[in-house]
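Please read the following points with the model open beside you, and check each of them by eye as you go.

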Amino acid sequence: MSKKGLSESDICMKFINPAIETAGWDLQTQVRRELTFTDGKVIVRGKLWKRGKKKRADYVLYWKKNLPIAVIEAKDNKHSIASGMQQALGYADCLDVPFVFSSNGDGFQFHDRTGLGDQTESTLAMEEFPSPELLWERYRKWKGLEAAPALEVVTEPYHEDATGKAPRYYQRVAINRTVEAVARGQDRILLVMATGTGKTYTAFQIIWRLWKGGHKKRILFLADRNILVDQTKTNDFKPFGAAMTKVQHRNVDKSYEIYLALYQAVTGTEEEANIYKQFSRDFFDLIVVDECHRSSAREASAWHDILRYFSSATQIGMTATPKETKDVSNITYFGEPVYTYSLKQGIEDGFLAPYKVIRVDIDRDLEGWRPERGAVDDLGADIEDRIYNQKDFDRILVLNKRTKLVAEKVVEQLEANDPYAKTIIFCEDIDHAERMRQAIVNANPERAQEDLRYVMRITGDNPEGKAQLDNFIHPEERYPVIATTSKLMTTGVDARTCKYVVLDQRIQSMTEFKQTIGRGTRLYPDAAKLYFTIIDFKKATELFADPDFDGEPVVIIDDDGTVIEPGEDETTPPATGDEEDTGEDGDEDGGDDWTPIDPTDDPDGTGPTKYYVGDVEVSIVAERVQYYGQDGKLITESLKDYTRRGVLEHFRTLDGFLKTWKTADRKQVILDELLDKGIIIEALQEQAGRDMDPFDLICHIAFGQPPLTRRERALGVKKRDVFTKYGEQARKVLEALLDKYADEGIGPIEKMAVLNVQPFNEMGTPIELVRLFGDKSAYQQAVQELEEALYSVPSEGAA
């Protein structure tokens, strides 16, 4: 057989494998074949979801395990040598490798991203494939890792255990770039990774490699939430074992090597509370700051004080949302991120859950409310005469019927879909969270009676609620189902099964918005959690339209062009009436001594904190559903309009679509291409009718053609008696295929496996049935003729 007749797999085995092995690559330890490195984007339409195409590299070449340096994209010999280059460059960019090859078995097209070669792209003969040593030497020079000490650092192995857990591709990139930065002597490093992408596991591997090789001997891991520290210690950092301790109860033991601590546990307003100063300034070699974006004015001072004190240590900041304001700048302190893995990229790769948004507009939120002159609230307080609007509700003015309406809407959504779907309702403050808890109980008393924990307020002041936090986030625990909260659960809560994020909180900070949305972004297929729903009552999701939502962080520049350092023009944010579980003021056990504002308190004699009004009617005036689109933006158009636009982008005319459909060996290939554009045929069938063929759905929705049902198409073929050239038994097989098509669609009859199921297995074995047509190719030709007949049935020809 000529080379042109060989498959891509044959080209790999007969030509590419021998070429790279001859160049000195070990096919067992240095070469990975057909490496799938994404999970495929989850596409959601209505209540249905599907996975998109996964990214898979034909070859990834490694200097050592977890140190990839090259990719090869293979094609069959009908393609040119360079035809796979653009695809390979995309993979190389994801995998962070500099050397890119494409081959059809005649030679290699070589693209050098380092800029250190004679030219960027060149053609090599098969026998000219470069050796591992040649590429590694150029890689080292490109990365600035030519010195021997630096090489020891970057080649230190990853931690491996019996579970076989391995870093995802982006985690490996983050780990390698960070370790390489340390090896080059960089002492301030910033990593940006979206919520749910495994920052703590990434931090563990970084610390493990630096610690295990003796490059960093004593390490401090700083966080601002007890739950973050405890989860880290018992989960990802567990392999450190006896070398690790958590700093608590203001006790310092200098005999350990890995220290986990809350900022608040090692600092305080009084000098004696700053127990971090019991360590010498050079005690730690490495400090990792988790969630380094989180800082009020006081917290910023605390962690900056710690980092300044241990200024000789290498310091790594990790965050999902780098904070760049006049008051706080992660970039000014740590420098530009060495790597960024965004929410958008995580969703695109299928590692994070996409979202749909149910936007609910309430009349009083849009129109405002003004009390009558001399009006008093339910507690007898005079209500200030002015117009109250959305920014006032539940902070200054409480409309009890509004709270009731929101609770009823949430209950309605859960009862219509899954009454036990884990749900977090974000409220303005603790008082609002408690009222919302009560409103949910009253809106759904049956569920509340099933278990007292059906809905719980989980806030920083409430020990009973906080005690249920682990149960809420545990995948196997049914209760609590609904958590009402304010600030406590915005970060650091690994709620993998959370399916609903309800926003009845006015959010104007992009950092806080990202963190809040992040509570739902984790995937958990075991519990059918492939996407999550945001129910927005306060227009918070308008921030999705902000260019900064998933863009790169930008340092704040003053009018005169100077970078504003953290602390300049610093202001303290106003109290919200809801403290977080941070353990401030030395309470490293979680801030349980905090007391919420009592709405009836009147310390200044100026009136209550809030007005409570129970007789103002409220109603929903608008509701719409939006989906996460292919470009990362929310789709507001109808499913049919979105499908029409997507199909017309792919097929400009009806004739073009008909030609492609009728000549395709497998129709599923076309449907897969449309799926990659976010078009789920099953979702259309939910709306237009499950008995319609995808062909008819597309022709009808995109091109305005009258549709037929599958049964009408099958009947049209039977009427035309198009199988007369086949024997009686073969005709029975084809007629059964038509019936199978009418019942289930085109997909099953395109697969040979259909011959294993009823009624075919009653007619004979698959081999016997195929022999009725002559051989396998003749059977497949008959199926293709059947499909041509099906799609030749005109609309007016149906009975």
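1. A residue is called exposed when over 50% of its relative accessible area remains, and buried when that value is under 20%.

2. The pLDDT averages 84 over the chain, and 86% of the residues score at least 70. Residues 295-299 have a pLDDT below 50, with 13 contacts in the model beyond near neighbours in sequence, and residues 552-607 are also below 50, with 116 such contacts. Where pLDDT is low, the predicted coordinates should not be read in detail.

3. An open sheet of six strands runs in the order β1-β4-β5-β6-β7-β8, with mixed pairing. Because β1 (31-36) and β8 (121-125) each have a single partner strand, they stand at the edges, and one side of each is left without a neighbour in the sheet. From one strand to the next, the twist averages 30°.

4. The pairing of β1 with β4 (residues 56-64) is antiparallel and comprises five bridges; in β4, Val-60 is the bridge partner of Arg-32.

5. Helix α3 (residues 132-143) lies across β4, β5, β6 and β7, and runs at about 120° to β5. Its buried residues are Pro-132, Leu-135, Trp-136, Tyr-139 and Lys-143, and because they cover an arc of only 100° around the axis, they lie on the same side of α3. Among the elements covering them are β4, β5, α4 (148-154) and α5 (169-183). Just after α3, Gly-144 has a positive phi of about 70°.

Technical notes
Residues are numbered from 1 along each chain as its sequence is written. This is a predicted model: local features need pLDDT of at least 70, side-chain atom pairs count only at pLDDT 80 or more; totals for chains, interfaces and linings use all residues. Side-chain values use heavy atoms; hydrogens and water are left out. Two strands pair if DSSP finds at least two bridges between them. Helices (H or I, at least four residues) and strands (E, at least two) are DSSP runs, numbered from the N terminus. Axes are lines fitted to C-alpha atoms, for helices over the stretch in contact, and angles run from 0 to 180 degrees between N-to-C directions. Contact means heavy atoms within 4.5 Å. pLDDT is the predictor's confidence in each residue, from 0 to 100. Buried means under 20% relative accessible area, exposed over 50%, partly exposed in between (1.4 Å probe, protein chains only). The arc is that of the directions from the helix axis to the C-beta atoms.
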